[in-house]
Amino acid sequence: MIRGLFAGRRWTSLRLRLLVVFCLVALTAAVSASGIAYWLNREAVLTRTQDAALGDFRQEMQLRAAGLPAEPTSQEMQRTAELMAGSSPGYSVLLVHERKDGRKVFGAAGAATFGLDDVPKSLQHAVNDRQKTTAANDAEYHMYWQRTKPQGNPYLVGGTRIVGGGPTGYMYKSLATERDDLNALGWSLTIATGLALLGSALLAQAAARTVLKPIQRLGDAARRLGEGELDHRLDVSGTDELADLSHTFNKTAEALEKKVADMSAREEASRRFVADMSHELRTPLTALTAVAEVLEEEVDDLDPMIAPAVGLVVSETRRLNVLVENLMEVTRFDAGTARLVLDDVNVADQVTACIDARAWLDAVELDAGRGIAWRLDPRRLDVILANLIGNALKHGGSPVRVSVETADADWLVVTIRDNGPGIPEDVLPHVFDRFYKASASRPKSDGSGLGLSIARENAHIHGGDITAENGADGGAVFTLRLPGDVGKVSTDDVDA
């Protein structure tokens, strides 16, 4: 039963702690009550038995031992002892008389025969110690008693002496019956303590279930709320504190659901605005790009005063065109509409084509085996490589080293190392943030602050990731990791 109560409980569980506290309180109360009851009953039983035996023995000494002659014979001593033991409530008698010549005469009778050696020396001295009579003490001798345990068995030994020169008498009573009764009482109290402990555990379990079940439901509801089930509510019953807590939770969840819905609506509106704006900008940008290309071809024939302005228009038009394309790509990622078009790609050839298309062959060192083939989206891999290598050339400096390898045939690892000063430690956590620029003094630099973010999103859609760190020998190190089972990541091969 106890094992069932504690099964599966953590030591930090509130339910278990409640059970332990209940059990400790019940155990303390039961042990205290049982101990007090046992001690009171023990004293009562022993005192009652002791008083009855000593009182009877005193009376027998007065009636029989006091009637012996001044110099009793052994037969008289023995007969008197037998008479005293025969009328006693279960004790043995030893009578001792010391003659004038120093010899001692004994008389012993009873179920448990005993001798003078069985009487403790301290008790013998106390019994034979003659007291001085005063107004408060009218007797020269008194009765004394002592509890002993010869061979582990409990006995009551009492003794007194007849005033005026009579014999000394000792009684010897076994307390085995009282011991057995007290042992039975002790076992009963132990069983009662165990039952009280078990009862307290059951009561604690019931109390814990009554109190903690609503808390558990509240915890489950909070977990579901954290998992996105904002419409989940608690059933409120009763008027206690837990009912108030559940009611407060429902109001909080309702307010949170409304706020999240408002934020989602605003975010959706913002994404739609960016997407619509980017889409609407493409048509005039196409025209502007065409005009810019024509102007760029004629720039040598233009007035030297106009040529710089034309060059600025051409560069800014191209920059605006890249920014719009990046914004549309970001919008696809946010809307969840970006998809992979998978193909088996020779990675070394893909990296070489990316570098060659942008005329970076002189500034990039490639270390890639020709036999590495991977299933991925070649267009998105080109975007990732172009952003990472271009960023390394722009901010790190050549030569840029690109290495391609596989890790346990499960991961494709592409590492881009530059030859620059590295990334400041305060910038490192933000290099993939959108619109983040490391240099606050160059807010209008050529970059839009979206390249690395888009590269990482393209890695994520493959099921991989990109990390940035500083190399041990200096320079920044960007590591692209793509899994070998990209086909399992996206089963919808629809182009974005």
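A residue is called buried when its relative accessible area is under 20%, exposed when it is over 50%, and partly exposed in between, as computed with a 1.4 Å probe on protein chains only. This report applies that term and a few others to a predicted model, in which local features need pLDDT of at least 70 and side-chain atom pairs count only at pLDDT 80 or more, while totals for chains, interfaces and linings use all residues. Residues are numbered from 1 along each chain as its sequence is written, and side-chain values use heavy atoms, with hydrogens and water left out.

**Confidence**

The predictor's confidence in each residue is given as pLDDT, from 0 to 100; the protein chain averages 80, and 88% of the residues score at least 70.

| Stretch | pLDDT | Contacts beyond four places in sequence |
|---|---|---|
| residues 1-11 | under 50 | 17 contacts |
| residues 440-445 | under 50 | six contacts |

**The sheet**

Helices (H or I, at least four residues) and strands (E, at least two) are DSSP runs, numbered from the N terminus. Five strands form an open sheet with antiparallel pairing, in the order β2-β1-β5-β4-β3. Because β2 (104-109) and β3 at the edges each have a single partner strand, one side of each is left without a neighbour in the sheet. Direction ignored, neighbouring strands of this sheet are turned by 15 degrees against each other on average. Two strands count as paired if DSSP finds at least two bridges between them; β1 (residues 91-98) and β2 pair over six bridges in the antiparallel sense, and L95 has G107 in β2 as its bridge partner.

**Helix α3 and T80**

Helix α3 lies across β1 and β2, running at about 30 degrees to β2, where axes are lines fitted to C-alpha atoms, for helices over the stretch in contact, and angles run from 0 to 180 degrees between N-to-C directions. T80 belongs to this helix, which spans residues 74-86. Is T80 buried or exposed? With a relative accessible area of 9%, T80 is buried, and, leaving aside its neighbours within four places in sequence, T80 is in contact with R64, A65, L68 and L95.

**Helix α4**

In helix α4 (residues 121-128), L123, Q124 and V127 are buried. Seen down the axis of α4, these buried residues fall within an arc of 100 degrees, so they line one face of the helix; the arc is that of the directions from the helix axis to the C-beta atoms. K121 and H125, on the other side of α4, are exposed. The buried residues of α4 pack against β3 (144-148), β4 (155-161) and β5 (168-174).

Note on methods:
Contact = heavy atoms within 4.5 Å.
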